[in-house]
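User: I would like to learn how labels in a structure follow from values. Could you take me through some of them?

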Amino acid sequence: MSNQQWTPKMVAERLEEAANTLKQLPDHNPQAVRSAWPDVVHEFYEAYGHDSPRVRLGPPTGEAIDRMDQTLLWLRWLDGGDMQLVWSRACRVPWKLIGQQLGVGRTTAWQRWMAALLQVATRLNAQRSTA
């Protein structure tokens, strides 16, 4: 992004990318017991092909992790409610659920989301002009 100014749409896309990158990172929960042996099949419906496969995305690139770290710092510029709203939307939570969580209608939630994105974009543009 050479001379291009940040827009709310660009901020929203970067937040979605950060949420997707975070989903691709491995879990931090240690397993109690690990084994190289396959799971024991107790019933016929547990056999291969009877359950839908669990597909996991590949690991994120180093550049994607760096962008995610940078993007997550932007959330500090927002107050708690707006931070939750922006992150929920980045995780693709439906507007109806977001409105219920915040106790507002969908239109009001969308307006607050746009205002928060504009706040982040304005701050990013201000940092760029001073650098």
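Analyst: A residue is called buried under 20% relative accessible area, exposed over 50% and partly exposed in between, with a 1.4 Å probe and protein chains only. This is a predicted model, in which local features need pLDDT of at least 70 and side-chain atom pairs count only at pLDDT 80 or more, while totals for chains, interfaces and linings use all residues. Residues are numbered from 1 along each chain as its sequence is written, and side-chain values use heavy atoms, with hydrogens and water left out.

User: Why does Trp74 count as buried?

Analyst: Trp74 has 4% relative accessibility, so it counts as buried, and Trp6, at 10%, counts as buried too.

User: What makes Trp6 and Trp74 an edge-to-face pair?

Analyst: Rings of Phe, Tyr and Trp (its six-membered ring) pair if their centres lie within 6.5 Å, and planes under 30 degrees apart count as stacked, over 60 as edge-to-face and the rest as tilted. The centres of Trp6 and Trp74 are 5.2 Å apart with 80° between the planes, so the pair is edge-to-face.

User: Which parts does the pair of Trp6 and Trp74 tie together?

Analyst: Helices are DSSP runs (H or I, at least four residues), numbered from the N terminus. Trp6 lies in the segment before α1 (8–24) and Trp74 in helix α2 (residues 62–74), so the pair ties together parts 68 residues apart in sequence.

User: Why is the pair of Trp95 and Trp113 edge-to-face?

Analyst: The ring centres of Trp95 and Trp113 are 5.3 Å apart and their planes lie at 75°, so this pair is edge-to-face. Trp95 lies in helix α4 (residues 95–102) and Trp113 in helix α5 (residues 106–130), and both Trp95 and Trp113 are buried.

Technical notes:
Helices (H or I, at least four residues) and strands (E, at least two) are DSSP runs, numbered from the N terminus.
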